[in-house]
Amino acid sequence: MFVPAKVVTPENSTDVQSVMIAFKELNLPYLHHASMPGSPELYEFSPLGKIPVLVHRPNAIYAVRDRIVLFEPLAIARYIDEVFSSSSDPDGVHLFPVLPSSQERNYGEVALRRVEIDQISSFVAIHVKHAVVDRYVKPYFALRNNGASKEDIAVALSDARDAVEQILVLLERIITNTQAQLNLSNSEYMFGSITWADVFLFPILRDLSATKSGLLDGNQKENLPWLAGWLQRFSQRPSAAATLGSSFAGSV
């Protein structure tokens with residue numbers, strides 16, 4: 001019997017949205033339990049009291065002794081894809097390519113693709129998230145919710161917006177160079193089909209787009225043509241619609 005996992009987090013975190021999008025894309029059931037960062041309950045699962053947290057009890061939902069607790073997004077991603085997705089349907093959808101036997105001819109190709117997905121996912125989770133979410137999106141919505149005008153927000157976050165543009169231009173270059181190396185140019189998603197790299201990035205850029213920064217639309221679009229088109233495509237997916245209400249973008 002497949003036992004669903006429990007996701008312990010508030011829903012407006014981009015990391016949480018990524019986990020929920022992944023469950024939707026993989027058609028896997030899960031339970032969501034809201035808990036604020038830094039709460040005593042969260043410290044039970046995460047040494048830093050941070051989110052997201054994944055709790056899985058493989059033998060029974062309410063078992064305690066055999067529970068598996070993961071508190072880093074990349075570890076959660078690997079566990080969902082290689083444990084949940086494989087056990088649910090070994091031949092089904094994966095967000096991380098299944099590594100074939102080392103005797104298979106495509107072993108090296110798939111191994112390289114897995115490494116590249118890990119590399120871009122890490123870059124997004126560390127560098128892109130910090131520049132976009134921590135330095136720009138969260139301050140933007142805090143200022144907006146406190147009544148600041150668009151003009152005042154633009155002045156206050158001018159340097160942060162420049163940093164966002166710089167990191168996204170760099171990300172676009174990394175993606176297109178990686179696609180060229182892997183013969184994936186003109187792909188709709190980073191690695192042809194959707195992977196964890198796409199799933200980690202989407203909530204971040206969706207919230208950025210909601211700020212109307214001009215970086216992914218309008219006269220700046222030519223600076224980020226691949227990312228702008230990618231964001232539009234991903235936004236049409238059912239998994240994106242299912243998680244919109246819990247995002248910053250859903251509050252606009």
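Among contacts (heavy atoms within 4.5 Å) in the protein chain between residues at least 6 apart in sequence, 68% join residues at least 24 apart. The model is predicted, so local features need pLDDT of at least 70 and side-chain atom pairs count only at pLDDT 80 or more, while totals for chains, interfaces and linings use all residues. Residues are numbered from 1 along each chain as its sequence is written, and side-chain values use heavy atoms, with hydrogens and water left out.

**Overall organisation**

- The protein chain has nine helices and four strands, where helices (H or I, at least four residues) and strands (E, at least two) are DSSP runs numbered from the N terminus.
- Read from the N terminus on, the order of elements is β-α-β-α-β-β-α-α-α-α-α-α-α.
- Of the 252 residues of the protein chain, 47% count as buried; buried means under 20% relative accessible area, exposed over 50% and partly exposed in between, with a 1.4 Å probe and protein chains only.

**Packing of α4 and α6**

- Helix α4 (residues 107–145) and helix α6 (residues 158–181) have axes that come within 9 Å and cross at roughly 170°. Axes are lines fitted to C-alpha atoms, for helices over the stretch in contact, and angles run from 0 to 180 degrees between N-to-C directions.
- The helices α4 and α6 are therefore roughly antiparallel to each other (angles under 35 degrees count as roughly parallel, over 145 as roughly antiparallel, 65 to 115 as roughly perpendicular and the rest as oblique).
- By class, the contact of α4 with α6 has 17 nonpolar, three polar and four charged residues. Ala, Val, Leu, Ile, Met, Phe, Trp, Tyr, Cys and Pro count as nonpolar, Asp, Glu, Lys and Arg as charged, and the others, Gly among them, as polar.

**Nonpolar cores**

- A nonpolar core is a set of buried Ala, Val, Leu, Ile, Met, Phe, Trp, Tyr and Cys residues joined through side-chain atoms within 4.5 Å.
- The largest nonpolar core has 62 residues, of which Ile80, Val128, Leu168, Leu171, Leu205 and Leu227 touch the most other members.
- Two or more residues of this core come from each of α1 (14–25), α3 (73–88), α4, α6, α7 and α8, and the largest share, 12 residues, comes from α4.
- Leaving aside neighbours within four places in sequence, leucine 168 is in contact with Val128, Val132, Leu205, Leu208, Leu224 and Leu227.

**Aromatic pairs**

- Rings of Phe, Tyr and Trp (its six-membered ring) pair if their centres lie within 6.5 Å; planes under 30 degrees apart count as stacked, over 60 as edge-to-face and the rest as tilted. The count by this rule is nine aromatic pairs.
- Phenylalanine 202 and tryptophan 230 form an edge-to-face pair, because their ring centres are 6.4 Å apart and their planes stand at 70°.
- Phenylalanine 202 lies in helix α7 (residues 196–210) and tryptophan 230 in helix α8 (residues 225–235), so the pair ties together parts that are 28 residues apart in sequence.
- Tryptophan 226 and tryptophan 230 are stacked, because their ring centres are 6.3 Å apart and their planes are at 20°. Being four residues apart in helix α8, tryptophan 226 and tryptophan 230 are separated by about one helical turn.
- Tryptophan 226 counts as buried at 12% relative accessibility, and tryptophan 230 is buried with a relative accessible area of 0%.
- One aromatic cluster is formed by Tyr189, Phe202, Trp226, Trp230 and Phe234.

**Loop between α7 and α8**

- Leucine 215 is placed in the loop between α7 and α8 and counts as buried at 1% relative accessibility.
- The C-alpha atoms of leucine 215 and alanine 228 are separated by 8.6 Å, with the two residues 13 residues apart along the chain.
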